[in-house]
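Keep the sequence and the model side by side while reading.

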Amino acid sequence: DFHELTPGGESDNIAPDPNDPDIIYGGRVTRLELHSGQVKSVDPTLAFPADYRRTWTLPLIFGKSGKILYFANQRIFATRNGGDHWTPVSPDLTRPDPGVPRSLDAPAAADTNDGQSRKGVVYAIGPSPLSDRDVWAGTDDGLVWRTKDGGATWRDVTPAGLPAWSKIGVVEPSHFDPQVAYIAVDRHRLDDFAPYIWRTRDGGGTWTAIVVGLADGGTLNTVNVVREDPQYRGLLYAGTERGVFVSFNDGLQWTPLKNGLPTTSVRDITVHGDDLVIATHGRGFYILDDIASLREWALDPTPGTRLLAPAPAVRARPDQFTGTPMPKDEPMASNPPPGAAIDYNLAADAQHDVRISILDQAGVEVRAYSSAAGPALAPIMLAIAPEWPVPPPKLSAKAGAHRFFWNLQYALPPALSDNPFANGVWAPPGSYSVVLNVDGATYRRSLTVLPDPRVKASPRDYRREALMAQQIEAMRVQLKTAAHEIAQARVQQATLPEPRRTAFNNRLSLLDDPQSSNAIGRQEERLTALQAAVDNADGAPSTDAEAGFSLAAKSALATLSAWTILKKQMAAATQ
């Protein structure tokens with residue numbers, strides 16, 4: 001599902017410097033140094049005074065190596081030193097005379113007579129991901145150009161029959177073949193709101209329209225942007241006036257990507273790692289997390305029930321405390337669920353419960369989820385407001401594609417909590433298996449859990465943390481079980497004759513008296529706090545935590561041993 005990243009607002013052109021994360025370029029053209037907060041004008045036209053045309057947004061983009069920054073008005077400029085000096089690398093690439101749009105009435109057409117025949121700008125720059133010297137460009141008056149020598153010469157590669165006043169919104173050179181490129185064209189100024197995307201496979205010699213599915217049902221749907229997935233050839237994304245579309249076959253057929261995204265104008269798209277990021281007109285940014293499943297569909301579009309390969313999951317902990325939850329009527333964007341995204345597809349509604357299991361490297365099940373109805377939340381039984389607990393996830397058994405999140409925590413032993421929302425210890429980074437069971441069929445995939453890259457901890461530190469947390473949890477289970485047995489024993493010993501009943505009662509009080517520092521309940525509370533200290537942050541247990549566990553373990557084992565002896569004696573007394 002898409003989730004919103006920012007509040008509303010139109011997304012302008014911003015170019016982060018790939019060689020210096022503390023510098024960004026934007027605006028008209030300005031350089032912002034984040035460490036000082038100073039903004040400096042590095043306008044390419046400072047050394048080349050002339051009459052330059054502008055539009056609302058002009059292109060600003062880095063080339064393949066990240067060493068060349070391009071900017072354009074009616075011509076293209078390039079800088080290799082952060083804007084200190086720009087070099088023109090093209091002539092005026094716009095039409096000498098685009099004429100008057102046929103969509104204008106007579107008064108509006110007369111209004112365009114400003115004495116200048118040229119009116120357009122270079123609206124799109126497309127540096128090839130394969131070569132710094134290979135650059136494509138598109139104008140807002142319907143021309144497409146290409147240079148293969150860094151701007152020394154330019155060749156007109158406009159698709160045949162493309163009329164003036166057709167805005168080339170994006171030129172997207174392929175990441176895999178220098179002869180392949182895609183263009184998105186907006187012709188609303190001609191009162192033409194149909195979708196237009198063209199693909200070339202011969203360097204711009206010929207172009208093929210690839211728009212099937214973008215206007216199904218006769219819906220007018222102008223295309224603003226087309227992007228190619230940088231990892232999978234033939235996987236394309238398109239941003240239109242009505243949302244985002246995906247093609248798994250190099251544009252032969254388009255399918256909408258709707259989940260979580262309102263009907264809105266999508267102006268730009270980028271693929272960042274395994275995430276699809278879109279910029280909208282007026283609604284801000286949205287992210288479609290983890291597109292590994294889309295990439296797998298592109299490689300193998302075979303229909304049917306399947307468990308898709310999950311992308312590596314980063315063990316990034318959510319904030320421990322973010323304040324009181326916002327009121328329900330407060331508008332705010334939601335964060336994506338933490339953990340590992342697990343995608344599966346069902347060819348038909350499942351006849352029985354769908355089940356997903358997470359296995360560790362030894363094949364031991366550490367967490368399991370089902371489509372069966374889980375425990376219901378009874379707000380009256382909660383000690384806190386119902387806005388705080390996170391309901392346990394539930395699998396879908398309906399036909400279609402589904403995404404499910406494992407929060408990277410093991411199951412909590414039932415003895416430790418009546419709260420159905422509680423989690424166990426954190427899963428250490430490493431290799432896991434995901435197993436999907438549907439109507440007797442089993443599907444298995446590997447999952448890698450990665451450490452948080454912001455945390456300085458070794459694999460050994462994570463192993464020590466996980467081992468101690470599990471040991472503490474196991475000891476807490478023993479204490480909780482013993483406490484439950486003692487409560488039952490108090491009921492049973494009431495039937496014993498005196499003075500044996502009083503003697504047993506006194507010995508039970510030594511084990512469960514809340515005032516006793518060695519009582520089972522007090523010991524379990526101390527271990528709970530110790531487990532939180534060990535498992536609530538990444539890294540090896542502290543020296544004090546190790547010493548505390550050694551002492552707590554000795555005390556707990558002594559208490560459990562005393563209860564074992566007393567339990568046997570009470571059993572013998574009742575026979």
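The face of helix H5 turned away from its buried side carries the exposed residues Glu525 and Ala533; exposed means over 50% relative accessible area, buried under 20% and partly exposed in between, with a 1.4 Å probe and protein chains only. The model is predicted, so local features need pLDDT of at least 70 and side-chain atom pairs count only at pLDDT 80 or more, whereas totals for chains, interfaces and linings use all residues. Residues are numbered from 1 along each chain as its sequence is written, and side-chain values use heavy atoms, with hydrogens and water left out.

**Helix H5**

- The buried residues of H5 are Ile520, Gln523, Glu524, Leu527, Leu530, Gln531, Val534 and Asp535.
- They cover an arc of only 125 degrees around the axis, which puts them on the same side of H5; the arc is taken from the directions from the helix axis to the C-beta atoms.
- Among the elements that cover these buried residues are helix H3 (459-493), helix H4 (500-512) and helix H6 (543-573), where contact means heavy atoms within 4.5 Å.
- H5 has 16 residues (520-535) and should span 22 Å at 1.5 Å a residue, which agrees with the 22 Å between its end C-alpha atoms; the expected span is 1.5 Å times one less than the number of residues.
- Helices (H or I, at least four residues) and strands (E, at least two) are DSSP runs, numbered from the N terminus.

**Strand S27**

- Seven of the seven residues of S27 (residues 340-346) are buried, so this strand is largely enclosed by the rest of the structure.
- One side holds Ala340, Ile342, Tyr344 and Leu346, the other Ala341, Asp343 and Asn345, and all are buried.
- In a regular strand, side chains alternate between the two faces of the sheet.
- S27 is joined to strand S30 (residues 400-406) by seven bridges, running antiparallel; strands count as paired if DSSP finds at least two bridges between them.
- Asn345 stands opposite Ala401 in S30.
- Strand S25 (residues 306-307) also pairs with S27 in the antiparallel sense, over two bridges, and Leu307 has Tyr344 of S27 as its bridge partner.

**The open sheet**

- Five strands in the order S26-S32-S31-S28-S29 form an open sheet with mixed pairing.
- S26 (313-315) and S29 (365-370) stand at the edges with a single partner strand each, so one side of each is left without a neighbour in the sheet.
- Strand S28 (residues 355-359) and strand S31 (residues 430-438) run antiparallel and are joined by five bridges.
- Ile356 has Leu436 in S31 as its bridge partner.
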